[in-house]
Amino acid sequence: MRLHALKISNFRVIKSARIEFPDRVIGVVGPNGAGKSSIVEAIAWALYGNQAARSGKNEIKSTFSSPDETCEVTLDFSVNETRYRVIRRLVGRTERAEVALYRGDASESVGVNETRRYVGELLGLDWRGFLTSFLARQQELNALSDLQPSKRRDHLAGMLGIERLDKAIQRVKEEARLSGEKAIFIERQLGELGQVKTRQEELTKLVTVLDKKAGERGEAWEAAKKRLKEVSERLREMAQARSDWLRLTTQVEAERKTKENLTGLQRRLEEEHRALGAHEQEVKALDEQLVDFDKVMRRLEELKEARSRQTYREELTARLAEATRELEETAQKAADLRRISTRHDAVLRRIPEDVEEHRRQSEQRLNRAREEYSHQKAAAVAQEREIARLEKQFASINEFGPESVCDRCLRPLGDDLDKIKAHLNQELTQLVQVQAEHRQKLDALKTSGERVKAEHLAWEEKARDRYEASVKHASVAEELRTSEKAVAGLSGQVDRLRSRMRELVEITFDEKDYTTLLARQQEQESARSRRDQLRGSLARLPAVNENLEETLENLATVERAIADLTSKVQSLEFSEERYGQLETLLHRLQEDAEAARAEHVEVSKERDISRAELVSKEDQLKALEKGALELEGCREDQYYEEKLGTLFSEYRKHLIVRIKPTLAEISSGLIREMTDDRYGLVELDDLYNLRVMDSGQYFDVERFSGGEKDLANLCLRLAISLALSQAAGLNRSFIILDEVFGSQDTGRRELIVKALSRLSHRFPQILLITHIEEIKDQVEELIEVVPTSSGWSEIVVQNSDG
């Protein structure tokens, strides 16, 4: 298989690229993470789809493309001189998978599954085999030399696809185990055959007995039901007679109750009739008593009017006295308020109106005095500190003499000691004089400030007195206005009350006469109410007479109905005692029938259970007979499956035995070509340790230099790829070496590159993927992967001619 061209669009970090693959040693160079391996992954993805990618489908499409853009990879390749093209896409926002494969210009397959099958048949490899055959990584080379023997053997088996044979062996062994377990299970079941037959015979006899017993119990149940039906019919007939008897008896009781009610009603109506006759006589007497009722009522109304006017005059007199008293009190309060207002006016006249301005100015003078005093005080404190400093310095000079240091230039005083002491003494004397002057000035400022403070306090007191007098004067003025307004209102009220008193004439009212008429009026009102009540009750007299006649007629009708119903009850000849005896008999027969039914059901249930068990045993016998036939098949399956497992294991051993010399032979040819015949033979021992012949003797690869060791491991890895390619029918294929230089120095890298260039007849196309920049100058064709500031990578292709 040979690669011709690869076109990439929006795949991983590669936004757009087209790469041609000539028959040369091609270097794919770029920094780590730039996307070098994405080129290899694009080749595998184009052929095998998502299963050959390192991640899921959602991470294949470039994150730098828009949702509507398509991720697409086109691979042109040839197999045995036949050209093919495969195009795989992820389309649109949903990333719908599309794939098509062409042989020449003819379409060979369309769709994911069909293309996967076609590629597998065409190359003779699945995606794992493809990567093992055409891609060698640094970690695989390290594993060939660094792993323990058992792990190295397993690693080689995995690379060569032998693990699939191991899985087949394991599966055959598992199937043999299952066949054996099934045979043991069937044998255990067949051991129960005698017991099942015995139980079948027992059940057959038991079902026959239970059939007969169920028939007998059924006949007894039918006889009990027949007797129960006869008694039930007799009881139903008697129940109908009892129903008629109860109905007629109830009607008799109802008629007797009606008669009792009518008799009571007759008695009440007769009493009411006598009472109404007495009411007629009482009404006549009350009419005579109420002859002068209207005259008494008119006179009483006149007295009530006179009494009301007299009460109103007394109320006006009391209100006039109250209003006059209140007027005098309010007028006195107004006079007092005027005197208080006059005193407040005198206080306000004594204090100047601009007292607040005087207070503010005195406050300003006081603040200035305080500021001047504070300033002078601070200056005095500073002078005291300066005097203390000079005295301390003077004491230091006296103590240390010429060795004293100047506090400004920090040099010893030396011969200038006396001059500096004189200067300091003069400066100290001047400061003391100035300090005395400051203290005199401070005393003068303090005296002046206390005078200004006293003046300010006096003006503050005057301002406070004027403010309080103003507030009180305003309050008294407002209260005075309210009092004067109240005096005016009360004067008007007194005048109005006096005017009403003059309008009322002298009233004559006799309280004794009024009390007598009021008692007479109450007596007549009571009599009148009683008369009206009696007249209302007398209105019922016609109805009472009518109801009394109707009650007497109804009473005669009820007595006739009672006699008729009593005659019908006697004609029924019903006995409650006989009915009870028949009910008792029916209950006993129901219990007998239920007992017979329960026995029949129990026997039938036992028969059905036994019959069902009999059917189950018959089915079990059939199953055991069938199992006897299956047992022979299971043992036969187990034999052949165990035999097949043994054959697979022997074949695995044979395959491994043949693979070792095959790999050794191919590796020997490779190392001979890559070392220019310096080394010619390679072998793999039983522990799969790589050994190289030197001077006619095999040595472990660890004996050789680091470069020679790497070269030997590379030959073994290339031998595995060649073996797999040849087994798949793919000759003269490409190979991709991914970061195989590891941490090797420059000399060892140059050795490997030169050695690889000698394998063109075996591998026409060799792709070296690496992050090492020095490789650029050692390869025939260069594909450079360059990251951009936008996050995606550009592909720059350079050939040996350019």
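In the predicted model, Arg117 and Glu121 are exposed on the face of H2 that is turned away from its buried side. The buried residues of this helix are Thr115, Tyr118, Val119, Leu122 and Leu123. They lie on the same side of H2, because the arc they cover around the axis is only 110 degrees. An α-helix has 3.6 residues a turn, so residues three or four places apart point the same way. The cover over the buried residues of H2 includes H1, helix H3 (127–134) and strands E4 (71–79), E5 (82–91), E6 (96–103) and E7 (106–110). H2 spans residues 112–123, twelve in number, and reaches 17 Å from its first C-alpha to its last, close to the 16 Å expected at 1.5 Å a residue.

The largest nonpolar core comprises 50 residues, and Met1, Leu47, Phe77 and Phe130 have the most contacts inside it. Helix H1 (residues 36–48) gives the most to this core, contributing nine residues. Beyond its neighbours within four places in sequence, Leu47 contacts Met1, Leu75, Phe77, Val86, Arg88, Val119, Leu123 and Phe130. A second, separate core has 44 residues, among them Tyr679, Val692, Leu737 and Leu756.

Helix H11 (residues 511–538) has 28 residues and extends 41 Å between its first and last C-alpha, close to the 40 Å expected at 1.5 Å a residue. Its buried residues include Tyr514, Gln521, Arg531 and Leu538.

Thr551 belongs to helix H12 (residues 541–572). This residue is buried, with a relative accessible area of 4%. Apart from neighbours within four places in sequence, Thr551 is in contact with Leu262, Leu265, Gln266 and Leu269.

Technical notes:
Residues numbered from 1 in each chain as written. Predicted model: local features only at pLDDT ≥ 70, side-chain atom pairs only at ≥ 80, totals over all residues. Heavy atoms only, no water. Core = buried A, V, L, I, M, F, W, Y, C linked by side-chain atoms within 4.5 Å. Buried < 20%, exposed > 50% of the residue type's maximum accessible area, 1.4 Å probe, protein only. Helix = DSSP H or I, 4+ residues; strand = E, 2+ residues; numbered from the N terminus. Contact = heavy atoms within 4.5 Å. Expected span 1.5 Å × (residues − 1). Arc of directions from axis to C-beta.
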